[in-house]
Amino acid sequence: MPVLEADGISVRFGGVQAVRDVSVHVGEWEVVGIIGPNGAGKTTLFNVLTGFQRPNTGRVRFEGDDITGEPVHRRAALGMGRTFQNVGLVKAATVLDNLLTAQHMAVGYGAVAGIVGSSLAFERERAVRDEAARLLELLGLLPVADLVAGRLPYGLRKQVELATVLATHPKVLLLDEPTSGMGPEEAEAFGERLLALRRELGLSVLMIEHHVPLVAAVCDYVYCMNFGELLVEGKPDDVRSHPEVVRAYLGDEAA
Amino acid sequence: MTPRVAPLLALAAVVLVLPRLVFDSADFALLSLAVVYAIVGLSLNVLIGYAGTISLGHQAFVGIGAFTSAYVVTELRQPFIVGVLAAAALGGAQAMILGGLALRVTGLYFALVTLSYGVFAQDTLFGIKAITGGGAGRAAPTPTGDGNFVPYYYICLAFLGLVLWLDWRMMRSKTGRALTALRQDPRVAASLGIPVKAYLLLGFAVSGVFAGIAGALFAHGNGFVVSNDFSLQLGILFVLMTVVGGLRSRTGIVVSAALTAVVPLIIREIPGLESALARPERTVPVVVLVAGLVAVGVGVLRGGRAAQVVGVAMVALSAAVLSPLHVPGVEPQLEQLPALDPSMLRLIVLPALVVMTLRTAPGGLGQQLRPVVRWVCGGRFSLDAGPGDLREVVDARA
């Protein structure tokens, strides 16, 4: 059974058809890539999957349940973790506070109990702090724990964002251009870490990615979009050499 | 960090003992009001500072608390503490209802909804005769006896302590982190599993509870509540004192709000100031003189020729009016102007302070006080303790 499945998604903004009848699915343990030139509708599709955008037609299913009408935070609770193209962090808060924020669903006490300062809340806060420290150590981010997230260098911010998403205990990761701004070596290292995380945490991954060698190296399946439509899908190597894909990226003459 | 005991004891002495030595017992009415304003400031801080929204109708939040407690105590014959609890509950409930309706729109439109809510409350809600006594108002006896404000001041302080505790715990628990996240980026907050709308409503509820408590204390400190107490002017004063105090800074807000409340006392204590304010033929030239000097200064620093010319003209004109020479015909004209009400002074001084706050110390009074607060809490004394990230883009938008 696929973990995440979108069926016949269409989104229209006024006169612009941003996404037209797109279906994707992510199986358990799969790493799936979405490629395509700028403006192809990739991020709009992501927004539909994560609940920021209602589709005009089509259904989204998570572990077989229809979640098309569910709000963003409910999808997060089900196990969808998402990163953002421009780094989704609480920028004025420290790295540690970001990880505490990300454990919102796991803290295990009510909002009112926290406000009146019940002993349960104090106790649970300590546990949440330990968990944050454990995650930071796992990702080698402990040295920057007390720094303000928004002031970190770009690459480090991306790593912290990944740590916060992992702190929500996702079953499927949705990554929006995770290697943008990285050099080829960094991108390769990122790919290896992603595969390691999948092994350790049993994750499925859907990612928008421009870095074609990375897609070829880590993805089990690739969708290529152009002008809001699905152009080609298949194994990375087949998609990469498909004449339609080459034409979409390089123009007519190259094909 | 372990707190330093000596400065904390000194602070306790200043708050608890010093007023007894310095002020008459009659002044304690105003000191109680200062504590009430501090609670109002903390209440507004939850909405503006933590949740990143705004309320221009906060006088209604306070007013509903005031009338609720007055009604519960005088009509239902319940003790004072029940009145305060009822005011807190109803304050929270009405804030949630307003939030639920108003949060359908954002930004300027949201501010307009809160503004009209405040005006609606004063004109209509507080005119319901059965509950508020209509225009005649409703009695709200001081629990410590008529005119006996010294113990009442300490009761107010106890409630301020409670509000500070709740505020502190909230910001140290998941609610505080959720509010911070949704203020800075609601999309990120939602994708971390935080129900954004629910937490905004919770922020409204907490703010309403604080405001309800403040309203009840206000009513029973006054002895009487009328709807005219809760004008739009008061709501704007609340917002100004909170921003000058420094959003998200408990210390700064408490100090700023208390100072705002005791301005009349300060004016009375400075000899001659009150009578001078009542004579526009004296105050207007002084204001023009100061404005002229500022214009000259700015003109010289920034190289503005026009500002220098206008400034010099203003200085010369006002100096001539103030000098023993007298400019014929000007003084009688100025005497025609309305005298400046001392309480209006706050609405002139505070906006100026807001502009200065945004230009020079974005964290407001709280930023200035931060080195001291750090030191008292056991940290090292450092003038750099007020971090620049106290200012956020969202504050400018709100």
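## Domains of the two chains

Domain bounds here come from an automatic or database domain assignment. With that in mind, let's look at chain A of this predicted model. Chain A splits into domain 1, made of residues 4-79 + 170-250, and domain 2, covering 92-156.

## Where the chains meet

Now for the place where chain A and chain B touch. How many residues does each chain bring to the contact? Chain A puts in 32 residues, and chain B puts in 27.

The size of an interface is often given as the accessible area lost when the parts come together. For chain A and chain B that comes to about 2,600 Å², with 63% of it on carbon and sulfur atoms. Three residues to look for on the chain A side are A:His73, A:His104 and A:Ile115: together they supply 25% of the area that chain A buries against chain B, more than any other three residues.

## Polar links and the chain A side

The interface of chain A and chain B has one salt bridge. To find a salt bridge in the model, go to B:Arg177 and A:Glu125, whose side chains meet with 2.9 Å from N to O. As for polar contacts, six residue pairs are counted between chain A and chain B, with both residues at pLDDT 80 or more.

## A closer look at B:Ser32

B:Ser32 belongs to helix H3 of chain B, which spans residues 28-50. Is B:Ser32 buried or exposed? B:Ser32 counts as buried because its relative accessibility is 3%, and the cut-off for buried is under 20%.

What does the side chain of B:Ser32 reach? It comes to 2.7 Å from the backbone oxygen of B:Phe28. Setting aside neighbours within four places in sequence, B:Ser32 is in contact with B:Phe149, B:Tyr152, B:Tyr153 and B:Cys156.

Definitions and conventions
Residues are numbered from 1 along each chain as its sequence is written. Chains are lettered from A and ligands numbered from 1 in the order in which they are written. This is a predicted model: local features need pLDDT of at least 70, side-chain atom pairs count only at pLDDT 80 or more; totals for chains, interfaces and linings use all residues. Side-chain values use heavy atoms; hydrogens and water are left out. Contact means heavy atoms within 4.5 Å. Buried area is the accessible area (1.4 Å probe) that two parts lose on being put together, summed over both. A salt bridge is a side-chain nitrogen of Lys or Arg within 4 Å of a carboxyl oxygen of Asp or Glu. A polar contact is a pair of N or O atoms within 3.5 Å; within protein, one must be able to donate a hydrogen and the other to accept it, and residues adjacent in sequence count only if both atoms are side-chain atoms. Helices (H or I, at least four residues) and strands (E, at least two) are DSSP runs, numbered from the N terminus. Buried means under 20% relative accessible area, exposed over 50%, partly exposed in between (1.4 Å probe, protein chains only).
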